[in-house]
Amino acid sequence: MDNLPASVRELIAAIGLQPTLALVQTYGGRTLRVPTGARAEGQVRERLIGLLGSGPALTLIRHYGGERITVARCAALLRDERDTAIIAAYTAGRSVPALAGEHLLTERQIRTILKRTPGSGLPNPADERQLSLVF
């Protein structure tokens, strides 16, 4: 979480991690004009409720209503989330070609992901399906 922009950490503190991730995935890299909440049936308000859930959306409106907020892309975070899902699926038995097709990546990219630990750039701990080189 240290690699997150301060604005995203503020959003997480205000509305929670999952709603913030949904906001980043939908509005990342763009400016969002947060409604004031004056109109109960406003389009942006309804869209936020559908995306975040009622509680987090209303909290966002209460904290930032009437402001324009730039939602950071958080590309590294989203990439780490994707990589973690790929590693978990591979560990559960999914094949490299299947994962490449699901994530629209090459098989080589999938193998590279499987060799590192998301968020650290370090190699992934040994896969128990691999044979040991120790005699």
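The model is predicted. The chain contains 7 helices and 4 strands. From the N terminus, these elements follow the order α-α-β-α-α-β-α-α-α-β-β. Of the 135 residues, 30% are buried. Among contacts with a separation of 6 or more, 62% join residues 24 or more positions apart.

Helix 2 (residues 17-27) packs on helix 5 (75-91). The angle between the two is about 110°, and their axes lie 11 Å apart. Helix 2 is therefore roughly perpendicular to helix 5, since angles of 65 to 115 degrees count as such. The crossing of helix 2 past helix 5 is left-handed. On the helix 2 side, the contact involves Leu21, Val24 and Gln25. Their partners in helix 5 are Leu77, Leu78 and Glu81.

Helix 5 also takes part in the packing of helix 6 and helix 7. In helix 6 (96-103), the buried residues include Val96, Leu99 and Ala100. Viewed down the axis of helix 6, its buried residues fall within an arc of 100°, so they line one face of the helix. The cover over these residues includes helix 5 and helix 7.

A similar analysis applies to helix 7. Helix 7 spans residues 107-114, and its buried residues are Ile110, Ile113 and Leu114. These residues sit on the same side of helix 7, because they cover an arc of only 100° around the axis. They pack against helix 5, helix 6 and strand 3 (116-117).

Most residues other than glycine have a negative phi. Cys74 has a positive phi, near 55°. Cys74 lies in the loop between strand 2 (68-71) and helix 5. Its relative accessibility is 10%, so Cys74 counts as buried, the cut-off being under 20%. Leu104 likewise has a positive phi near 55° and is a residue other than glycine. Leu104 belongs to the loop between helix 6 and helix 7. With a relative accessibility of 77%, Leu104 counts as exposed, because the threshold is over 50%.

How values were computed. Residues are numbered from 1 along each chain as its sequence is written. This is a predicted model: local features need pLDDT of at least 70, side-chain atom pairs count only at pLDDT 80 or more; totals for chains, interfaces and linings use all residues. Side-chain values use heavy atoms; hydrogens and water are left out. Buried means under 20% relative accessible area, exposed over 50%, partly exposed in between (1.4 Å probe, protein chains only). The arc is that of the directions from the helix axis to the C-beta atoms. Contact means heavy atoms within 4.5 Å. Axes are lines fitted to C-alpha atoms, for helices over the stretch in contact, and angles run from 0 to 180 degrees between N-to-C directions. Angles under 35 degrees count as roughly parallel, over 145 as roughly antiparallel, 65 to 115 as roughly perpendicular and the rest as oblique. A crossing is left-handed if the near helix is turned anticlockwise from the far one by less than a right angle, and right-handed if clockwise.
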